[in-house]
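Try each one against the picture before reading the reply.

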Amino acid sequence: MTKTGAATGEERSPSVGRASSGAPNSREERILGIIETARAKRPKFRDERITMSHGAGGKATQSLIEGLFAPAFDVGELADAATVALGGARVALTTDSFVVKPLRFPGGSIGELAVNGTVNDLAVAGARPVALSLSLILEEGLDSELLRGEVEAIANAASAAGVEVVTGDTKVVERGHADGMYICTTGIGLRDERAELSPSALRPGDRMLVSGSIGQHGMAIMLARDEFELEAEIESDTCSLWPAMDALLDAAGPSLRCVRDATRGGVGSVLNELARASQVAMIVREGDVPVDPAVAGAAELLGIDPMYVANEGKLVAFVAPEGAEAALAALRDAGCEQAAEIGEVRTEPPAMVLVETAFGGKRVMDQLVGDPLPRIC
Amino acid sequence: MRFVDEFRDAELAGALAREILSVVEPGRHYKVMEVCGGHTHSIYKYGVDDLLPENVELVHGPGCPVCVIPMGRVDDGIALAHRDGVIFTCFGDMMRIPGSDGSLLDAKAQGADVRMVYSPLDALRVAQKNPDRDVIFFAIGFETTAPSTALTLKRAKAEGVENFFCMCNHVTIVPPLRALLDSPDLRLDGFVGPGHVSTVVGARPFEFIPADYGKPIVVAGFEPLDILQAIQMILRQLADGRCEVENQYRRVVPYEGNRRALEVMAEVFELRPHFEWRGLGFISQSALRLSDAYADFDAELRWEVPGVRVADPKACQCGEVLKGVIKPWECKVFGTACTPERPIGTCMVSPEGACAAYYNFGRFAREREVV
């Protein structure tokens with residue numbers, strides 16, 4: 001099961017009750033206790049209908065996965081790819097669907113995304129990608145040239161990522177469905193022996209690395225939709241993460257705790273998900289987070305935090321302190337020039353992600369509640 | 001980013017923080033309300049309150065335009081959205097605000113054609129592209145957004161667009177402030193005035209706050225340094241025993257406001273005799289509707305809406321929280337009947353509301369020293 005979809009939303013701060021001075025009041029304690037009990041419960045899926053929020057990677061997605069899917073299939077730990085033992089081999093398995101609109105955008109297209117997305121889920125789980133299946137759902141009337149172009153994009157991306165497309169399926173649906181085309185890919189890979197990764201393996205003191213500037217893919221898509229009338233040269237960052245992952249495993253294998261690709265919901269969502277899974281706190285130094293100036297500018301105008309914007313070729317790695325320097329150097333040598341250490345793992349308060357703002361204050365970076373919608377004021 | 005980064009400089013912030021420390025009287029507790037939701041957002045985003053001394057408390061005011069829309073109005077909007085042939089348009093953050101039976105996002109999931117737009121002009125374009133459909137724009141916001149709705153309606157009229165309608169929920173800033181100030185149990189020492197609203201109305205309309213109520217107000221911009229400086233100016237007034245309207249946001253806000261924007265608003269809108277605010281109840285002359293000249297565009301006149309008033313539950317104490325009389329956790333329904341997933345009052349609706357923030361980070365507020 002991929003995509004645990006946790007994490008985060010609008011910026012908020014801890015404050016409000018600055019009257020925190022003095023002895024904690026017993027009624028206040030009791031109320032906080034009630035809230036904490038309620039939050040610790042496995043989220044229930046109680047919504048009457050599916051809304052767009054259920055696909056946004058935030059709290060609603062989490063309620064769907066943890067409240068409906070995981071219990072039904074008795075899935076324990078939720079990671080980007082599952083491991084299946086086949087004979088002596090440890091095989092990683094993952095699947096992903098792609099419904100991006102528009103089909104082509106600066107820096108990539110749906111076909112390229114469909115390969116890299118699945119390859120990356122395998123890679124960050126510590127598995128060398130081997131083979132993909134390809135399911136296409138095509139809309140009646142789709143231009144064959146467009147389809148030809150996407151098939152070519154798939155072949156090229158697969159070859160670049162070193163995976164084979166070995167099986168597939170095609171369905172055609174009536175005009176008005178499927179927005180041209182939807183793609184679903186399933187990938188298998190071989191677990192790498194150099195590291196043992198788990199979302200619950202984070203320990204206080206661990207360092208947080210990102211492999212490059214964040215928010216490019218999501219911002220490129222938003223601008224390509226032409227809803228904002230903003231012109232900016234932003235390209236999707238879609239690419240295979242296996243070379244970066246391979247370098248990480250080589251340089252810091254035993255120190256690697258967990259790696260994630262920061263897709264839907266962005267880096268902010270990944271951090272919240274892992275803070276919850278490991279019951280640790282995290283602190284992010286906002287000034288150290290690499291953001292391309294064009295992305296930062298567009299995000300500023302739209303009132304969106306780049307930390308919640310999707311990436312398709314960026315990983316977040318947690319590394320034990322002794323391996324951090326080597327891991328960062330390895331990422332940079334592997335072509336991730338903008339890789340940076342952006343924060344670390346702490347003890348308190350558990351399951352919370354804090355941001356040290358460049359302004360000198362702190363805030364909590366919470367889970368996304370729905371899509372990161374532009375604010376009106 | 002040039003021209004922006006200089007308003008987020010940590011060194012300047014440190015200098016302002018030290019100035020604030022030198023102005024406050026030790027042992028005195030100060031409560032300052034930032035009126036505008038945009039300020040609240042910046043305060044959270046940059047952690048502005050971390051730079052304030054322990055005894056200066058920020059109270060989040062009623063200026064979040066989506067949170068103040070009462071449930072009944074959301075229900076009316078949803079009823080219109082469900083009508084055959086209607087395309088219902090609104091700003092993104094309005095789509096999540098709960099009515100008595102779900103939000104516009106839920107209505108969309110049930111089949112209503114609800115579309116997110118980024119400006120009223122976008123909604124007008126939707127109408128022009130879909131001449132066989134009726135396109136309704138759910139207009140919200142203070143004087144900040146009202147002029148753009150007004151200009152859009154003027155254009156619709158000039159271009160003879162007949163399938164564009166507006167459900168007007170625009171509100172005005174002064175009446176709710178007066179309502180807050182009129183309450184005998186108010187515990188606020190001063191106000192950070194709303195910068196965006198003031199670019200339209202100017203700083204003059206706030207003169208009643210020092211004149212009638214003896215509280216200082218400083219109109220402020222939205223960068224963290226703007227807010228910090230405004231707080232410093234308020235505390236300085238209190239220390240000097242002064243009490244006046246000051247304009248920190250002079251680079252944008254003219255004291256007399258924007259005459260042209262006010263004129264176009266006066267042409268397109270008129271005051272409603274009264275309007276309900278979520279959490280604050282009915283406040284007279286606190287909202288706008290379309291004027292007679294624009295009656296043809298008024299969605300509420302074109303169609304019947306349920307118009308059912310959904311009362312805020314009696315136990316809800318948003319009013320007291322807003323006035324700074326009680327802390328969120330002192331409210332009878334906080335954390336039990338009223339949660340961010342199922343909010344009752346305005347303070348829990350928006351993630352920036354005082355109660356929602358406290359719900360999420362309450363214990364952390366005490367424990368952060370540990371971090």
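Q: Which residue in strand 8 of chain A is the bridge partner of A:Leu93?
A: This is a predicted model, in which local features need pLDDT of at least 70 and side-chain atom pairs count only at pLDDT 80 or more, while totals for chains, interfaces and linings use all residues. Residues are numbered from 1 along each chain as its sequence is written, with chains lettered from A and ligands numbered from 1 in the order in which they are written. Strand 3 (residues 89–98) of chain A pairs with strand 8 (residues 181–191) of chain A in the antiparallel sense over eight bridges, where pairing takes at least two bridges found by DSSP. Across from A:Leu93, the partner in strand 8 of chain A is A:Ile188.

Q: Which strands stand at the edges of the open sheet of chain A, and why is one side of each left without a neighbour?
A: The sheet has five strands in the order 2-3-8-6-7, with mixed pairing. Strands are DSSP runs of E with at least two residues, and helices are runs of H or I with at least four, both numbered from the N terminus. An edge strand has a single partner strand, so one side lacks a neighbour in the sheet; in chain A the edges are strand 2 (82–86) and strand 7 (164–173).

Q: At about what angle does helix 3 of chain A run to strand 8 of chain A?
A: Helix 3 (residues 110–124) lies across strand 3, strand 6 (127–139) and strand 8 of chain A. Angles run from 0 to 180 degrees between N-to-C directions, using axes fitted to C-alpha atoms, for helices over the stretch in contact. For helix 3 against strand 8 of chain A, the angle is about 30 degrees.

Q: How many nonpolar residues are in the contact of helix 6 of chain A with helix 9 of chain A?
A: Helix 6 (residues 242–252) and helix 9 (residues 321–333) of chain A pack at about 145 degrees, with axes 8 Å apart. Residues are in contact if their C-beta atoms, placed from the backbone, lie within 7 Å. Among those that meet are A:Ala247 and A:Leu248 in helix 6 of chain A and A:Ala327 and A:Leu331 in helix 9 of chain A. One polar and two charged residues take part, and the nonpolar ones number 10.

Q: Which residue in strand 2 of chain B is the bridge partner of B:Lys31?
A: Strand 1 (residues 30–36) and strand 2 (residues 56–63) of chain B run parallel and are joined by six bridges. Six of the seven residues of strand 1 are buried, so this strand is largely enclosed by the rest of the structure; buried means 20 or more other C-beta atoms within 10 Å of the residue's own, with C-beta atoms placed from the backbone. In strand 2 of chain B, the partner of B:Lys31 is B:Glu57.

Q: What is the average twist from one strand to the next in the open sheet of chain B?
A: This sheet of five strands has the order 2-1-7-8-9, with parallel pairing. Strand 2 and strand 9 (245–247) of chain B are the edge strands, each pairing on one side only. From one strand to the next, the twist averages 25 degrees.

Definitions and conventions. Buried ≥ 20, exposed ≤ 12 C-beta atoms within 10 Å, placed from the backbone. Contact = placed C-beta atoms within 7 Å. Nonpolar A, V, L, I, M, F, W, Y, C, P; charged D, E, K, R; others polar.
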